[in-house]
Number of protein chains: 2
Amino acid sequence: MTQVVEKLKRLASESIVAPKGFSAAGIHCGLKHKKKDLGIIVSEVPATVAGVFTTNAIKAAPLVLTKETVYTNEKMQAIIINSGNANACTGKQGIEDAKKMQQLTADKLGITPNLVGVSSTGVIGEKLKMDKVEAGIAAIEAGNKLENAIDFAQAILTTDTVMKNTAYSIEIDGKEVVVAGVAKGSGMIEPNMATMLSFITTDAAIEQKELQALLKATTDITFNAITVDGDTSTNDTVLVLANGLAQNNPLTPAHPQWGEFVKVFHLVSQDLAKMIAKDGEGATKLIEVTVDGGVTDEEARKIAKTIVGSPLVKTAVFGCDANWGRVICAIGYSGCTIDPTNIFIKIGETAVVENGEPIDFSEEQLTNYLKNHEVKIYANLHQGEGSGKAWGCDLTYDYVQINATYRS
Amino acid sequence: MTQVVEKLKRLASESIVAPKGFSAAGIHCGLKHKKKDLGIIVSEVPATVAGVFTTNAIKAAPLVLTKETVYTNEKMQAIIINSGNANACTGKQGIEDAKKMQQLTADKLGITPNLVGVSSTGVIGEKLKMDKVEAGIAAIEAGNKLENAIDFAQAILTTDTVMKNTAYSIEIDGKEVVVAGVAKGSGMIEPNMATMLSFITTDAAIEQKELQALLKATTDITFNAITVDGDTSTNDTVLVLANGLAQNNPLTPAHPQWGEFVKVFHLVSQDLAKMIAKDGEGATKLIEVTVDGGVTDEEARKIAKTIVGSPLVKTAVFGCDANWGRVICAIGYSGCTIDPTNIFIKIGETAVVENGEPIDFSEEQLTNYLKNHEVKIYANLHQGEGSGKAWGCDLTYDYVQINATYRS
């Protein structure tokens with residue numbers, strides 16, 4: 001990730017329709033009371049597709065269908081997404097409903113169903129109101145303006161408080177290549193579990209095998225490095241569509257600018273992952289944990305995620321409490337190789353632990369630092385060359401309220 | 001656990017000095033502001049000892065010392081415990097201080113130091129005020145009355161809201177054998193992680209090897225089957241002292257009443273484990289999850305613990321929300337063998353999921369059930385003969401408050 005990328009720029013529009021040939025829309029079809037609840041992404045031409053999906057053994061119907069589509073077809077031209085209902089634990093009817101969403105979208109666009117992905121997010125265990133969805137698909141019209149992308153970004157939210165968009169451009173083979181992404185995070189409009197959906201669009205030309213490998217590797221260090229409450233949902237999905245309209249030479253690891261594309265792809269994924277962490281249910285702060293000196297990168301990342309997932313660390317950050325004892329305790333129960341007498345810990349720029357023992361620091365200064373909306377925790381284990389990062393959020397009264405009081 | 005035990009009775013006194021030859025005390029020595037903070041358990045004669053200790057790689061100094069004592073000596077006659085300071089992450093000075101507590105207690109009782117166990121609970125990373133501890137050990141006098149046991153039970157608490165005591169008697173070889181236990185749970189008087197300490201006393205005669213094996217097996221299905229917030233502390237300890245003064249024939253698996261003793265030992269451990277779960281920080285309810293039909297007992301127990309540890313299940317129980325979607329989701333991400341289409345779930349006596357799909361139930365009736373202080377969740381996976389139980393508590397505003405606001 002240290003490679004210099006020429007002409008990299010973050011696009012102010014942050015729009016998934018910024019890459020050539022993509023359009024989108026978001027409308028209200030009636031699954032939620034008032035808010036937008038149906039979105040669509042369309043590519044002018046069939047795009048190379050890659051996807052990663054939840055590891056939960058209970059998988060929502062649309063996820064099962066879309067996973068199969070990605071794996072068997074390797075091309076996708078449109079994605080239809082509803083919020084307000086996860087279409088999970090809905091049995092055979094759920095599969096029928098997801099297939100019908102796929103078919104209706106294909107018919108509308110005049111393409112084959114195996115070019116359409118389907119995603120859902122919302123309450124578990126309720127049948128989809130298919131009359132609403134059917135009318136919505138008939139009504140929705142994708143466009144390539146910024147407002148269309150914003151409508152889409154809004155239509156996939158549940159209790160997220162903000163939209164999550166990002167976009168970058170670089171030059172590859174003298175052509176402008178754009179990579180853009182949109183996501184929804186942890187929230188619920190019906191009492192339910194957090195569901196993470198992300199969609200990445202790019203006009204880059206790239207082989208499917210390479211795109212899938214890149215997505216998997218990038219997901220491990222971005223989307224899989226965040227945690228809000230440790231509950232892995234039934235619907236988690238990341239899909240990438242690469243339609244090739246930038247007309248660069250097809251990207252593979254042999255391409256001289258492969259490293260630059262990887263860097264941009266990583267930036268888009270990391271931006272979205274951090275936005276999801278920061279907007280975790282009830283969160284007031286983003287927590288970023290960096291671990292160096294692990295035996296391997298995997299162990300360093302696991303320790304970082306253990307720290308950022310500890311309810312005691314999360315409540316301490318919420319309460320602006322410089323409680324490093326909870327950080328070292330989490331390192332201890334991470335299950336990784338450590339030497340208790342060789343641990344260094346720093347919160348912000350303030351060192352608090354050296355050789356596993358407390359050192360003097362200004363409590364007042366650190367309490368002030370913890371009032372920031374982004375809090376950084378750093379640990380060095382001095383065991384090897386492994387490094388890793390993870391992101392999460394504080395644990396607050398509002399998390400309890402959001403998840404306890406919905407139907408009471 | 002189905003064996004009938006003759007003449008089993010729960011003792012109303014619930015006292016760790018109920019078994020013959022045990023005495024105890026609890027006093028205030030000055031580590032806390034006002035409350036009792038130093039406790040002692042003494043056996044008239046050296047007792048067979050067994051112990052299980054935290055799996056956290058960061059281990060508190062007294063735990064390291066006591067673990068070594070248990071493993072090398074196999075006998076123990078006294079345990080000295082302080083609350084208010086965990087003596088963890090305190091380096092060489094911490095080890096010196098733990099050894100000094102051991103030596104002072106041995107000198108006072110006129111026994112060798114390797115017959116004394118040491119435990120601490122409280123804030124991490126601060127040196128013990130040894131002048132207070134030394135004066136406390138000089139002053140503390142163990143007695144065998146109920147009030148002495150109560151003083152002890154109070155002296156080991158941190159933010160626990162109630163004492164945790166239990167005691168049973170049975171007849172073995174025509175002799176009355178008593179097994180009693182005391183514990184502290186999840187709490188902190190300084191901002192810190194939960195620390196679980198349990199001490200079990202019995203006048204049974206039993207070999208050390210058998211006692212250690214029994215403690216390990218019982219801990220797996222009792223103390224290790226509870227969770228409050230998923231943070232494994234640096235100080236977790238369970239110690240059993242068996243002084244043999246009941247004069248039964250030494251217990252081994254070959255003894256005709258071995259099964260009865262196992263049953264009573266299990267009851268004592270389970271009582272304490274449930275009390276700890278119920279008194280978890282901020283908790284208003286005990287949650288008991290039973291899982292049948294797992295591939296193995298281990299998998300059933302792991303699934304039960306995953307359900308009871310899910311923040312979304314915990315907040316739903318707090319909010320009296322019959323949100324079975326969160327239960328099935330937790331089953332899905334438990335990492336165990338399941339068939340999504342073959343899951344049965346019941347909350348209280350109300351079936352909510354059959355064959356992995358929702359069934360009709362009275363929302364009102366279930367919401368009323370969830371107002372109880374003890375909530376039972378049952379799942380049958382229909383995969384095999386494995387069964388398991390786990391206990392936890394709801395996640396409330398008070399959990400966040402206790403852990404966020406201490407020093408702010």
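In strand E13 of chain A, Pro358(A) is the bridge partner of Val353(A). The model is predicted. This briefing covers the domains and strand pairing of chain A, then a sheet and its helices in chain B.

**Sheet of chain A**

- The pair Val353(A) and Pro358(A) belongs to strand E12 (residues 350-354) of chain A and E13(A), which are antiparallel and share two bridges.
- An open sheet of six strands in chain A has the order E13-E12-E11-E14-E10-E15, and its pairing is mixed.
- Strand E13 (357-358) and strand E15 (386-393) of chain A are the edges of this sheet; each has a single partner strand, so one side of each has no neighbour in the sheet.

**Domains of chain A**

- Chain A has a domain 1, spanning 9-277, and a domain 2, spanning 286-404.
- Between the C-alpha centres of domain 1 and domain 2 of chain A the distance is 32 Å.
- Contact between the two domains of chain A involves 10 residues of domain 1 and 11 residues of domain 2.
- On the side of domain 1 of chain A that touches domain 2 of chain A, helix H6 (residues 258-278) of chain A supplies the largest share, three residues.
- By residue class, that side of domain 1 of chain A consists of six nonpolar, three polar and one charged.

- Eight of the 10 residues of strand E7 (residues 175-184) of chain A are buried, so the strand is mostly covered.
- E7(A) is joined to strand E6 (residues 164-172) of chain A by nine bridges, and the two run antiparallel.
- One bridge between E6(A) and E7(A) pairs Ala167(A) with Ala180(A) in E7(A).
- The hairpin of E6(A) and E7(A) has two residues between the strands, and Asp173(A) in this hairpin takes a positive phi near 55°.
- E7(A) also pairs with strand E8 (residues 197-202) of chain A, in the antiparallel sense and over six bridges.
- Ala183(A) has Ser198(A) in E8(A) as its bridge partner.
- In a regular strand, side chains alternate between the two faces of the sheet.

**Sheet of chain B**

- Chain B has an open sheet of seven strands in the order E9-E16-E11-E15-E12-E13-E14, with mixed pairing.
- Its edge strands are strand E9 (226-227) and strand E14 (357-358) of chain B, each of which pairs on one side only.
- Within the sheet, strand E12 (residues 344-347) of chain B and strand E13 (residues 350-354) of chain B are antiparallel, with three bridges.
- Opposite Ile345(B) stands Val353(B) in E13(B).

**Helices on the sheet of chain B**

- H6(B) packs on the sheet and touches E9, strand E11 (286-294) and strand E16 (386-393) of chain B. The direction of H6(B) makes about 45° with that of E16(B).
- Of the 21 residues of H6(B), 16 are buried, and the helix is mostly covered.
- Helix H6 (residues 258-278) of chain B has 21 residues, which at 1.5 Å a residue should span 30 Å; the end C-alpha atoms are 30 Å apart, in agreement with that expectation.
- Helix H9 (residues 324-332) of chain B lies across E12, E13 and strand E15 (374-380) of chain B. H9(B) runs at about 135° to E12(B).

Conventions. Residues numbered from 1 in each chain as written. Chains lettered and ligands numbered in written order. Predicted model: local features only at pLDDT ≥ 70, side-chain atom pairs only at ≥ 80, totals over all residues. Domains from an automatic or database assignment. Contact = placed C-beta atoms within 7 Å. Helix = DSSP H or I, 4+ residues; strand = E, 2+ residues; numbered from the N terminus. Nonpolar A, V, L, I, M, F, W, Y, C, P; charged D, E, K, R; others polar. Buried ≥ 20, exposed ≤ 12 C-beta atoms within 10 Å, placed from the backbone. Pairing = 2+ DSSP bridges. Expected span 1.5 Å × (residues − 1). Axes fitted to C-alpha atoms, helices over the stretch in contact; angles between N-to-C directions.
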